Amino acid sequence: MFASATIHTDRFLLRQFCSEDLAFVFEGLSHPDVIRYYGVCYASLEETNEQLIWFNELQKNETGIWWAICDQESLVCLGAIGLNDLSKTDQKAEIGFWLLPEHWGKGIIKEVANPICNYAFEKLGLRKIEAMVETENENSRKVLQKLDFDYYKTMENCEIKNDKLISLAIYVKLKHEDII
């Protein structure tokens, strides 16, 4: 099992999720602005517990690891960031993130994503991190570009969400030594 990894940045503490985070995860993953472009949505605390189980299973099965993004001083949770669909064979994973809307536009993801990528490359032995973003999600696309993810391609009309076809833009970040 992956060891728990606490990561510090100048302003934030990244730590694994625990059962006490249930209300916070529900707040985020039931908020209409957060879930607009996110793959899951919960209507109750009981349902939200599935997300905490998923976080735990990812780590136990070594297929990913997610962190709560906390303010370094107050320890208040602001959002989440993590890796899933991790493949040791292919040395890659997919990154995902979300923030409560009152924390948007403050450079939080930009500050915490690079240490997560470094952790993936240095500690987990990955060589590639992918991000799949709904094409209409301009904010996340801009963040990925600021994080030096390269646009790879768009998968047109590849998923159905809320009875509507959506397209996904794929972004990729390679470990520095892999860049030719």
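Before I go on, a word on the model: it is predicted, so to speak of a local feature we need pLDDT of at least 70, side-chain atom pairs count only at pLDDT 80 or more, and totals for chains, interfaces and linings use all residues. Residues are numbered from 1 along each chain as its sequence is written, and side-chain values use heavy atoms, with hydrogens and water left out.

Back to Asp 10, then. You'll find Asp 10 in the loop between strand 1 (7-8) and strand 2 (12-16); helices (H or I, at least four residues) and strands (E, at least two) are DSSP runs, numbered from the N terminus. Leaving out neighbours within four places in sequence, Asp 10 contacts Gln 72 and Glu 111, contact being heavy atoms within 4.5 Å. Asp 10 and Val 112 are 102 residues apart along the chain, yet their C-alpha atoms are separated by 9.3 Å.

Val 112 takes us to helix 4. The buried residues there are Ile 108, Ile 109, Val 112, Ala 113, Ile 116, Cys 117, Tyr 119, Ala 120 and Phe 121. As a reminder, an α-helix has 3.6 residues a turn, so residues three or four places apart point the same way. And the length? Helix 4 has 15 residues (108-122), which at 1.5 Å a residue should span 21 Å, and the end C-alpha atoms are 22 Å apart, which agrees; the expected span is 1.5 Å times one less than the number of residues.

Now the whole chain. We have five helices and eight strands, in the order β-β-α-α-α-β-β-β-α-β-α-β-β from the N terminus. The radius of gyration is 16 Å, close to the 16 Å the globule rule gives for 180 residues, so the chain is as compact as a globular protein of that length; that is taken over C-alpha atoms, and the rule is 2.2 Å times the number of residues to the power 0.38. Of the 180 residues, 47% count as buried. Among contacts with a separation of 6 or more, 59% come from residues 24 or more positions apart.

Ile 170 lies in strand 8 (residues 164-174) and is buried, with a relative accessible area of 6%. Beyond neighbours within four places, Ile 170 is in contact with Ala 131, Met 132, Asp 150, Tyr 151, Tyr 152, Lys 153 and Met 155. Glu 130 is 40 residues from Ile 170 in sequence, and 6.9 Å away C-alpha to C-alpha.

Over in strand 7 (residues 150-161) we have Glu 159, partly exposed at 41% relative accessible area. Not counting residues up to four places away, Glu 159 touches Lys 164, Leu 165, Ile 166 and Leu 168.

Which residue has a phi near 55 degrees, positive in a residue other than glycine? That's Glu 62, in the loop between helix 3 (45-60) and strand 3 (65-71), and partly exposed at 21%. Leu 75 also has a positive phi, about 65 degrees, although it is not a glycine; Leu 75 is in the loop between strand 3 and strand 4 (77-87).

Note on methods: Buried < 20%, exposed > 50% of the residue type's maximum accessible area, 1.4 Å probe, protein only.
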